[in-house]
Amino acid sequence: MKFLGGLFCSLLWAQGWVEGLITDEEGIALPFVTVRNLRTRQGTYTDLQGRFRIAAEQHDTLEIRCVGYAPLRIQASLVEPMLRLKAQPVEIEPVRILPGENPAHALIRRLQAGAERWNPLRRPHKYLSYNKLTLSLPDTVRSDTMPPYLLIWETETEKSYFSPNRYQEVLKAQRISGNFPIQAPFSPTTFLPISLYTKRITLLENEIASPIGSEAFEYYEYAILDTLYSGKDTLIEIEFFPRKGRAAWAMRGKLTIALPDGALYAIQAETNTLKERSGLFQTPFYRIWHYYERLGDTLWFPTQLHSEVVLQMRGRQGGPLTFLLRSRSFLRSVELIPNPENLRLPEVVLPKQMPSISYRAEELSAEEQRAYQVMDSLFSRAKVRRWTWLFDLPNLLSGRIGMGKLNLIIRPLILYHDAEGIRPQVGLETNDKLSESFRLRGWGGYGLYRWAGAQGSPWRYGAEIIFGKLSHGRLFYYDDVRELTLPRLIDESPIRLPSEQSAYEMTIRSYGFRWEDMVRERAVGTYAQAALLGTVSGYLSVAAIQRNLFAESWRGIKTVAGIEYIHRQTLLLRGGTIWRGEYALPRLHLQSGFLWAEGHRYVLPPFWLQIDLSHTWRWGRWAEVLVRVSTTYSRDLPSLWKVRLRTLSDSYLGMEQTLAAHPIRQYANRVGYLFFEWSIPNTRFPSPKWTPTITFHLQGAYADSQLYPEGGLSVQKLIPPAIERIFPSLRLVRIGLFVPLRASLLRERLYLRLILGRL
């Protein structure tokens with residue numbers, strides 16, 4: 001080995017360079033290790049793979065230093081391909097920095113001043129990336145009989161970025177341990193911040209102040225550690241750590257600035273204050289590494305993005321079960337896009353057939369190869385591929401199960417309201433194996449409640465033909481039981497495309513409907529949806545409808561037109577399968593419709609107009625504010641098309657953003673709503689202890705010259721963490737106390753409500 005190392009170095013000396021790999025005693029690569037030539041005073045850092053390259057002659061002395069390891073001085077002629085550093089824990093005295101005495105502040109301000117130039121999110125670009133995700137148990141739990149990794153997932157992706165609301169990521173190839181027939185709808189770069197020049201970065205849905213963002217000095221202190229010279233660049237290493245009382249919003253670590261450009265060269269940061277959102281997992285530790293390279297004369301771009309996350313899942317017995325999740329991403333073929341394409345929405349594109357990995361930025365280690373062999377063998381014996389539909393993520397996310405040329409539609413599989421009780425239903429549709437741009441869909445359901453057949457058969461069914469994909473047309477027919485009223489608010493979830501919306505709420509959002517509130521409705525018609533500019537979509541529907549309510553009936557033509565804007569939504573595409581998710585407020589929905597009744601002549605036909613606007617603001621970790629304004633205006637509508645005030649009944653179970661202190665059943669022609677919620681998420685001091693969320697409510701409605709104002713206080717996350725981790729859905733439950741806001745406030749009745757809210 002020494003002979004080969006000497007031969008290796010001899011070849012490099014002829015060119016005036018020394019290269020090597022620096023690891024710890026266990027052979028794990030060490031990033032950001034300082035390598036300095038003591039004669040020339042030139043230096044460099046190891047990259048995220050632990051590799052370095054430095055100019056040196058045969059008799060030069062190299063000094064290698066890394067915090068936590070014993071320093072090493074070695075003659076260039078003795079450098080081997082792999083150098084191991086010995087651990088040497090050190091105790092660092094607290095750094096005391098007085099105002100006006102910190103030279104690091106000037107360097108951080110220089111980074112901030114160059115944000116417009118160096119921020120990769122400011123410039124349209126594209127790149128190829130090789131990504132590797134590994135999941136393992138801690139070293140203290142591993143045994144020789146277990147594979148070193150429980151999961152290895154390699155992907156190759158191609159990403160074109162135009163703006164935060166316009167990008168496309170294409171999955172090119174993948175390899176997963178166990179050979180699961182599953183396609184990854186994401187890459188590790190999806191969850192890693194590619195830019196730190198923004199005010200805040202997001203780690204696991206937690207907003208952390210960036211150490212180089214515009215508010216960095218409010219959250220961080222800085223200290224210069226070292227200065228190196230690499231070619232024409234001067235590399236200045238700076239330590240950063242949270243200011244007193246700011247640990248919940250900040251990280252600690254070190255960053256390197258490249259001068260004279262004043263750009264970020266490398267960063268290593270970690271935090272142990274992230275607040276878990278799911279209730280099932282805790283994240284006691286999160287670390288990220290970024291390594292940048294200069295591409296040409298005008299761009300410093302991150303070419304290596306790595307992360308390490310410790311996940312703890314508390315079991316029902318014993319201590320927490322700990323996992324270690326590592327991701328490594330290597331970016332290549334980075335180039336700027338001079339003429340951005342007119343991409344409507346963010347898209348994640350999955351291929352029909354998944355090729356295997358053809359490019360690896362780093363070779364698989366012996367442990368990774370062994371994990372592949374063990375996991376592949378284990379699951380091949382289990383004949384997992386017989387259950388292919390269990391791993392068909394795009395179909396499962398959109399509520400479908402693939403069966404040859406047909407899909408079984410299982411969303412929603414069960415609907416519920418008080419009038420017909422539980423209604424199971426299922427549907428069938430053709431899929432991409434028949435055609436990507438044409439689909440034939442049919443569904444059927446059955447009301448189980450004893451009154452379900454009071455207005456005819458308890459069977460409900462429908463069929464439709466769809467032409468196109470995101471912009472498409474549809475011919476439909478259905479025979480169903482529908483709500484008597486117009487929509488009280490537009491409650492459709494953006495996760496589903498508008499043509500796939502259900503007329504019913506999901507099971508957890510149940511209204512106290514009576515049979516007097518329901519009508520039997522038959523309709524045949526056409527529907528068209530158009531993807532407009534950006535995140536705006538529009539739709540138009542014309543249908544012949546018959547409505548029956550006991551002795552009363554109505555026949556006519558219904559025309560509905562709508563337009564919808566949702567900020568920052570993402571489409572998951574695979575052929576003709578489209579699923580919309582990752583939506584973010586603000587959201588604006590406009591809808592209007594006209595009715596022409598049979599046997600009546602109208603100068604101006606009856607019509608309605610509905611506007612719904614909602615938005616949220618997050619202010620650090622102190623507060624989250626939600627505002628929703630909605631109004632419905634109608635004129636001359638028949639009695640079978642009433643507008644009902646959105647209120648909770650006297651029962652305790654209800655849904656959010658509904659009047660809670662006015663349990664009345666009122667119909668009106670003009671209804672307006674305002675919902676204002678101020679939540680204190682209680683994450684200022686992150687802790688695994690019981691931390692309920694308090695929300696203040698100010699809401700009300702205006703219906704036909706009558707005002708219904710009310711105030712309230714609700715508490716969410718009421719369940720202790722030990723129970724919440726077993727039943728995560730209990731986090732949806734809120735207990736609220738509401739009161740009408742009138743002059744006689746002290747004499748008003750208080751209304752206690754159980755509300756099913758948001759995660």
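The structure is a predicted model, in which a search of the whole structure finds 43 salt bridges and in which 20 aromatic pairs are held. Salt bridges that share partners join Arg400, Glu429, Asp432, Arg439, Arg441, Glu464 and Arg474 into one network, and an aromatic cluster is formed by Tyr45, Tyr265, Tyr291 and Trp300.

**Salt bridges**

- Arg439 forms a salt bridge with Glu429, with 3.0 Å between the closest N and O atoms; because Arg439 lies in strand E25 (residues 438–446) and Glu429 in strand E24 (residues 421–430), the pair ties together parts that are 10 residues apart in sequence.
- Arg439 also forms a salt bridge with Asp432, where the closest N and O atoms are 3.1 Å apart, and both Arg439 and Asp432 are buried.
- The relative accessible area of Arg439 is 7% and that of Glu429 is 0%, so each of these two residues falls under the 20% cut-off for buried.
- Arg439, Glu429 and Asp432 belong to one network of salt bridges with shared partners, whose other members are Arg400, Arg441, Glu464 and Arg474.
- Elsewhere, Arg326 forms a salt bridge with Glu308, and the closest N and O atoms of this pair are 3.0 Å apart.
- This pair links distant parts of the chain, with Arg326 in strand E19 (residues 320–336) and Glu308 in strand E18 (residues 299–314), 18 residues apart.

**Aromatic pairs and cluster**

- Among the 20 aromatic pairs of the structure is that of Tyr220 and Phe240, whose ring centres are 5.7 Å apart and whose planes stand at 85°, so the pair is edge-to-face.
- Tyr220 lies in strand E13 (residues 220–230) and Phe240 in strand E14 (residues 233–242), so the pair ties together parts that are 20 residues apart in sequence; both Tyr220 and Phe240 are buried.
- The cluster of aromatic residues comprises Tyr45, Tyr265, Tyr291 and Trp300.

**Charges over rings**

- Arg53 places its charged end over the ring of Trp17, at 4.1 Å from the ring centre.
- In the case of Arg482, the charged end sits over the ring of Tyr478, at 4.2 Å from the centre of that ring.

**Surroundings of Asp479**

- Asp479 is located in strand E27 (residues 472–483) and counts as buried, with 3% relative accessibility.
- The side chain of Asp479 makes polar contacts with two arginine side chains, that of Arg520 at 2.9 Å and that of Arg522 at 3.1 Å.
- When neighbours within four places in sequence are left aside, the residues in contact with Asp479 are Trp459, Arg460, Tyr461, Arg520, Glu521 and Arg522.

**Surroundings of Leu30**

- Leu30 is found in the loop between strand E1 (17–23) and strand E2 (34–37), and this loop residue is buried, with a relative accessible area of 9%.
- Apart from neighbours within four places in sequence, Leu30 is in contact with Ile22, Thr23, Asp24, Thr46, Asp47, Gly50, Tyr69 and Leu85.

Methods. Residues are numbered from 1 along each chain as its sequence is written. This is a predicted model: local features need pLDDT of at least 70, side-chain atom pairs count only at pLDDT 80 or more; totals for chains, interfaces and linings use all residues. Side-chain values use heavy atoms; hydrogens and water are left out. Helices (H or I, at least four residues) and strands (E, at least two) are DSSP runs, numbered from the N terminus. Buried means under 20% relative accessible area, exposed over 50%, partly exposed in between (1.4 Å probe, protein chains only). Contact means heavy atoms within 4.5 Å. A polar contact is a pair of N or O atoms within 3.5 Å; within protein, one must be able to donate a hydrogen and the other to accept it, and residues adjacent in sequence count only if both atoms are side-chain atoms. Rings of Phe, Tyr and Trp (its six-membered ring) pair if their centres lie within 6.5 Å; planes under 30 degrees apart count as stacked, over 60 as edge-to-face and the rest as tilted. A charge sits over a ring if NZ of Lys or CZ of Arg is within 6 Å of the ring centre and within 35 degrees of the ring normal. A salt bridge is a side-chain nitrogen of Lys or Arg within 4 Å of a carboxyl oxygen of Asp or Glu.
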